[in-house]
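Subject: Structure handover

Hello,

Here is the structure I said I would pass on. Please open it beside this email and follow along.

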Amino acid sequence: MVIRAEQLGKKYRKEWIFRRVDLTLTAGTSYTFVGPNGSGKSTLLQLLAGNLPATEGKLIYSRQDKVIDPDDWFRQVSIAAPYLELVEELSLDELLTFHQTFKPFKAGLTPELVAERLMLTHARHKEIKYFSSGMKQRVKLGLAFFSESPVVILDEPTSNLDRQGAAWYKEQVLQLTGPANHSPQLLLIGSNQPDEYDFCPNILDVMQWK
Ligand SMILES: Nc1ncnc2c1ncn2[C@@H]1O[C@H](COP(=O)(O)OP(=O)(O)OP(=O)(O)O)[C@@H](O)[C@H]1O
């Protein structure tokens with residue numbers, strides 16, 4: 001899986017957030033976008049996910065040299081971000097079962113096993129609206145970690161997580177691009193906190209595209 005950006009730019013009203021972004025992002029490794037608050041990390045990740053239109057330039061998804069139709073990009077991407085909400089009226093069990101109908105979990109994973117991996121077995125029958133912010137964040141990350149999708153995007157991954165949650169995040173995230181993952185994924189992170197990406201070999205400062 002490869003995502004290529006060619007001269008990508010995004011403008012809100014009269015302000016260019018970034019311009020002339022040229023990137024080749026390849027599965028099997030991770031890339032972290034860093035930069036100060038408001039510099040455009042989330043906006044760039046949203047564009048790369050296909051969730052926001054570019055103002056200029058081109059984005060190409062390809063797999064084994066075959067270009068993927070933009071209508072199918074959403075099938076390729078799992079994204080966890082503070083601005084993306086969970087369906088609060090569902091219990092965790094219902095949410096995991098519902099999620100699985102449009103984005104299957106990795107081989108061998110059932111909603112029950114996913115709840116276990118989230119360390120939330122005790123909360124399977126609780127509605128998401130009654131979860132703490134840290135529990136919700138763990139669910140968001142888990143949906144991204146455990147779904148079968150070639151691209152995983154994590155924006156501010158450890159927000160609201162306690163130390164145990166942050167350790168869990170690190171353990172899971174390392175598996176995505178590690179040798180134990182037989183279909184290596186492309187991992188994109190947006191972060192301001194070095195301990196969220198200290199394992200990541202490719203650090204990209206969005207300020208270079210101002
Ligand atoms: N829908 C929008 N309309 C207008 N401006 C926007 C919109 N969304 C974001 N912006 C602006 O785009 C710029 C980049 O915002 P973005 O959220 O991408 O930054 P960020 O680097 O992720 O910041 P943070 O570290 O605070 O999360 C900011 O100046 C923000 O005000």
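This is a predicted model: local features need pLDDT of at least 70, side-chain atom pairs count only at pLDDT 80 or more; totals for chains, interfaces and linings use all residues.

The chain has 7 helices and 9 strands. Its C-alpha trace spans about 50 × 35 × 30 Å along the principal axes. A compact globule of 210 residues would have a radius of gyration near 17 Å, and the chain agrees with that, at 17 Å. Buried residues account for 36% of the 210 residues. If you take the contacts between residues at least 6 apart in sequence, 71% of them join residues at least 24 apart.

Next, the sheet. Strands of a sheet pair through backbone hydrogen bonds, in either a parallel or an antiparallel way. Here 5 strands form an open sheet with parallel pairing, in the order 6-7-8-3-9. Strand 6 (77–80) and strand 9 (202–205) are at the edges; each has a single partner strand, so one side of each has no neighbour in the sheet. On average, neighbouring strands are turned by 15 degrees against each other, direction ignored. Tyr31 stands opposite Asn202 of strand 9.

Helix 1 (residues 41–48) packs on this sheet and touches strand 3, strand 7 and strand 8 (186–190). The direction of helix 1 makes about 155 degrees with that of strand 8. Helix 5 lies across strand 6 and strand 7, and runs at about 165 degrees to strand 6.

How do helix 5 and helix 6 pack? Their axes are 11 Å apart, at an angle of about 5 degrees, with helix 6 covering residues 163–177. Helix 5 is therefore roughly parallel to helix 6, since the angle is under 35 degrees. Helix 5 contributes Gly134, Arg138, Leu141 and Phe145 to the contact, and helix 6 contributes Gly165, Tyr169, Gln172 and Leu176. By class, these are 4 nonpolar, 3 polar and 1 charged residues.

Last, Pro150. This residue is in the loop between helix 5 (133–146) and strand 7 (151–155). Is Pro150 buried or partly exposed? It counts as partly exposed, because it has 19 C-beta neighbours inside 10 Å, and a buried residue needs 20 or more. Apart from neighbours within four places in sequence, Pro150 is in contact with Met1, Ala27, Arg63, Gln76, Gln185 and Leu186.

Regards

Note on methods:
Residues are numbered from 1 along each chain as its sequence is written. Helices (H or I, at least four residues) and strands (E, at least two) are DSSP runs, numbered from the N terminus. A residue is buried if 20 or more other C-beta atoms lie within 10 Å of its own, exposed if 12 or fewer, and partly exposed in between; C-beta atoms are placed from the backbone. Two residues are in contact if their C-beta atoms, placed from the backbone, lie within 7 Å. Axes are lines fitted to C-alpha atoms, for helices over the stretch in contact, and angles run from 0 to 180 degrees between N-to-C directions. Angles under 35 degrees count as roughly parallel, over 145 as roughly antiparallel, 65 to 115 as roughly perpendicular and the rest as oblique. Ala, Val, Leu, Ile, Met, Phe, Trp, Tyr, Cys and Pro count as nonpolar, Asp, Glu, Lys and Arg as charged, and the others, Gly among them, as polar. Two strands pair if DSSP finds at least two bridges between them. The radius of gyration is taken over C-alpha atoms; the globule rule is 2.2 Å times the number of residues to the power 0.38.
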